[in-house]
Amino acid sequence: MTISYAGEVPNGSSFGCFWRILCKWRGSVYKLVWRELLAYLTLYYTINLLYRFALTEHQQRIFEKVRQYFGAQSESIPMSFVLGFYVSLVVKRWWEQYKLLPWPDTLALFISAGIPGADETGRLMRRNIVRYAILAYVITLQRVSLRVKRRFPTWQHVVDSGLMLESERKVFEKMDGKSPMSKYWMPLVWATNIINRARKEGLITSDHIVQTLLVELSDIRRRLGALIGYDTVCVPLVYTQVVTLALYTYFVAALMGRQLVPPAPGSTSKYEPDVYFPLFTALQFCFYVGWLKVAEVLINPFGEDDDDIELNWLIDRHIKAAYMIVDEMHEEHPELLKDQYWEEVVPKDLPYTVASEHYRRHEPPCSADHYKVKAEDAVYANVQAPRKSHDETYADYESVDTPLVERRKNWFQRQISRMGSVRSASTDYSSGGLFGRNRHNSMVYSSPETGQPTAPPQQHHKMSLYERLVGRKSGRGQHRQNSKHGSQKSNGSAIPITLRNRPRIPTPDVTKEVMDRENRITMGMQNMGVIMAHQGYQNEVPVLGALVLSPIQELDSGSVNNTLHAGQPGTTALAQAVLSPGLASGLTPMLTAAPVVSPVTLSPMGVSQLLGSSTPSTPRADRTPPAPRATVTELPSDSEHSGSGTPPEFNRKPNGSKRGEVYV
C-alpha cells in the first residue's frame, strides 16, 4: 500500500517539518538505492586502489589525463532534462490508473433505491448485481496485478472465495473454449440482464432508473477496460531505454572523472584535496538513481513494491460495503427526530473545543469588498434613471407557496407586462387574435367557479392600428378606461376595479384559497345590495341579485343539452329546485314560455326568501320605488356582441352558446 505520511507533517511552517520523515525506511529512497550505491562505491574504490597501488608513476599521469577528460565531458549529458520529463509522465500515468479503479458504492446505492422491497426476489437481484460488479473487478485485476493473481490463480479459487458460483465457472470455461480473450465483461452483461428483468417484472418502476443503473455499469466497464489498456500499452520502450542508458553512462563516466587522486610529486597544478570518500558524488548518485527508481516503481502501480496499491484489501472492502448497502441497510434509516437547532432553525455558531478555538475564522474577504466607489463615479453615464412609484417598489420576502396573484410582480414581470406579454390587458391569447375581443368584458368568463358575478358589457377603448399590431392598449387609453371603471357605481356601492378588470379564467396560479376568499367578497357584495345587471333594465327594475342556472360551455355542437334554454323542462325543474316554492310558482309560466324577457312581480315574502336576511338598498327619494320583480334572461356568449352596445337579448344568434340566468 502507498506509504502515507501526511499526518506526520500537518504544519509545514514548523522548523524541521520534514526531518521526521527522513528517518523512515519503508518506501524510502535509501531502501531503493542502497544496493546500487554499494555496487557503485565498490567499483569506485577498486579503481582508486588500482590507481594508488597498481599503476606506475607514468601510468598514473596517463590516468590523471583520462580522469580530467571524463570529468569535463560528463557534464554534457542533460540528466535533469531527460529524467524530469520521464518521471513526470510516469507519475501522471500512476495517478490516472489509481483513479480508474472503480468503487461499487455508487452502483450499490442506485440498486438499493431502484429495486425496493424486502422480498426474496428483490434481495436476490440486488445482491447478484453488486456481486457481478465485484467479480468483473477481480477478473480484471487478475490480469494486471501480481498480488491478485497470486490470491486467485484459477477459477476454482474465485469460486472458493464466494465471488463466483459453480454454474458460472462452467459458463466461463465454456466461453474460454470458444475464445481465449479476457471476459471481464461477462458478469456485467449478467447484471444488465437482471436489471432488464426487474423492469419487466415491475420491481423497477421507471425507465429513468434503468438508464441510471446501466450508465453506472457502463462506467465500471469503461474503467476496467482502461486499466487493461494501461497495462498492455506502456510508455514507449525507447523512451525508457534512453533514460536508463543516459543515467548509467553518466555515472560510468563519473567513476573515472570523479576519482580523488593525490597531487603528483613536484606538480604545481592545483588538484582537489586528497579525501577518501566521494561525498558529493555519492549524493548525486542517490538523487539521480533515486529519481529513476521512482519511475521504475510507479510504472506498474499494481506490483509488489511498497508504494503499489493494495488491491486485495480493496476487493475485501468493496464486497463488504456493497452487501451492506443493498441488503443490511436496505430501506433502513435512523428515527426521524428534531435536531439540536430545530427551534433556532439556523445555528449561530457550532461549538469549538479549547484546542480548536484558535482555528475559528470569519468569512474571508474578497478582493473588491473594501473598495469604495466615488459618488461622482457611481452616476450612470448613458442611462437615464427611471422614475419609481409606490407601486413599483417591491421588497417582499415571500414563501415559495404564496399564490402568484397575491405576490407583487418583480421587475422582470413588470417589463414583460409593459411589452404586452401573456399577463397584459389585451394579448393574442386573451383577445383571440390581433383583432379579437377583450376577455375582461366577456360574460363567458364569469362563472360561479371563478367567484365573479355577471357584469354588464363594458365600453371598449377603440384600438388604433398600431395597438392592434403590438397587441396591447396604449397607456393613455388604458388609463381612461380604468378611470371610467372606477367611477361606475350601482345603488351607491362601487365595484372594486380589481374584481372587474381581472380576467376570470382559472389558472394554475390561482389557488383554491384565493378563489374562496374572492367568492366570499363577491357574496358579501351581493348581500349588501350590489347590483350586477344590464344597463337596459337598471332604471326600470331594481335588481336585487343574480341566480346562475348553469355555467357556460362554449361548445361547437348545437345540441340543446350544451346549455340551459328557457322553455325546456330541464330549466323549469332546475328553477323549481333552487327557488322557494312561492317564487317558483310565479316563475313557472315564464320559464315554460318562449325565451323572451318577461317581468314577474314578486311578493315581499318571495324576495325575502330569495335573499335571506339581506335588505334591499334604499331607492332614491324623488320617486316611488317600483315593486320588486324577477327577470329571466338568456344571455348569449360574449363573442356574439363584443364591441357593441346592443343588449345581449337583442343580439342572439340561433346556434350561439347561451347562458340561462334569473335576475331578481
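The buried residues of helix α11 are covered by several other elements, including α1 (residues 29-54), α2 (57-73), α3 (79-100) and α12 (279-298). The structure described here is a predicted model. Helix α11 itself runs over residues 237-257. Its buried residues are V243, A246, L247, Y250, F251, A253, A254, L255, M256 and G257. The length of α11 can be compared with a simple expectation. Within α11, V243, A246, L247 and Y250 are among the buried positions.

Helix α12, one of the elements that cover α11, contains K293. The relative accessible area of K293 is 16%; because residues under 20% count as buried, K293 is assigned to that class. When residues up to four places away in sequence are set aside, K293 touches L32, V33 and E36. The C-alpha atoms of K293 and L32 are 6.7 Å apart in space, although 261 residues separate the two in sequence.

An unreviewed UniProt entry lists residues 37-55, 76-95 and 227-255 under "transmembrane region". In the model, the span 37-55 is 95% helix and 0% strand, with its end C-alpha atoms 26 Å apart. The span 227-255 is 86% helix and 0% strand, and its end C-alpha atoms lie 42 Å apart.

Considered as a whole, the protein has 23 helices and 6 strands. It comprises 664 residues, of which 37% count as buried. Its accessible surface amounts to about 41,100 Å², and carbon and sulfur atoms account for 60% of that area. Among contacts between residues at least 6 apart in sequence, 70% join residues at least 24 apart.

In soluble globular proteins, nonpolar side chains tend to be buried together. The largest nonpolar core of the model has 53 residues, and those with the most contacts inside it are L101, I115, L135, Y137, L141 and L311. At least two residues of this core are supplied by each of α4 (105-114), α5 (120-144), α7 (155-160), α9 (186-200), α10 (207-232) and α13 (311-328). Helix α5 provides the largest share, with 13 residues. Apart from this core lies another, of 30 residues, which includes V82, V243, C286 and L292. V243 is also one of the buried residues of α11. In the 53-residue core, I115 is among the residues with the most contacts. Leaving aside neighbours within four places in sequence, I115 is in contact with G122, M125, R126, I129, A198, L203, I204 and H330.

Most residues other than glycine have a negative phi, and most peptide bonds are trans. E331 is not a glycine, yet its phi is positive, at about 55 degrees. With a relative accessible area of 48%, E331 is partly exposed, because that class lies between 20% and 50%. Neighbours up to four places away in sequence excluded, E331 touches P116, G117 and A118. The C-alpha atoms of E331 and P116 are separated by 7.4 Å, while the two residues are 215 places apart along the chain. V345, likewise not a glycine, has a positive phi of about 70 degrees. Its relative accessible area is 64%, and V345 is therefore exposed, the cut-off for that class being over 50%.

The cysteine residues were also examined. The structure holds 0 disulfides. C234 is partly exposed, with a relative accessible area of 47%. C366 has a relative accessibility of 52% and therefore counts as exposed, since the value is over 50%. C286, by contrast, is a member of the 30-residue nonpolar core.

Definitions and conventions: Residues numbered from 1 in each chain as written. Predicted model: local features only at pLDDT ≥ 70, side-chain atom pairs only at ≥ 80, totals over all residues. Heavy atoms only, no water. Helix = DSSP H or I, 4+ residues; strand = E, 2+ residues; numbered from the N terminus. Expected span 1.5 Å × (residues − 1). Buried < 20%, exposed > 50% of the residue type's maximum accessible area, 1.4 Å probe, protein only. Contact = heavy atoms within 4.5 Å. UniProt positions renumbered as here; feature names shortened; annotations may be inferred. Core = buried A, V, L, I, M, F, W, Y, C linked by side-chain atoms within 4.5 Å. Areas by Shrake-Rupley, 256 points an atom, 1.4 Å probe, with all protein chains shown as cover. Disulfide = S-S within 2.5 Å.
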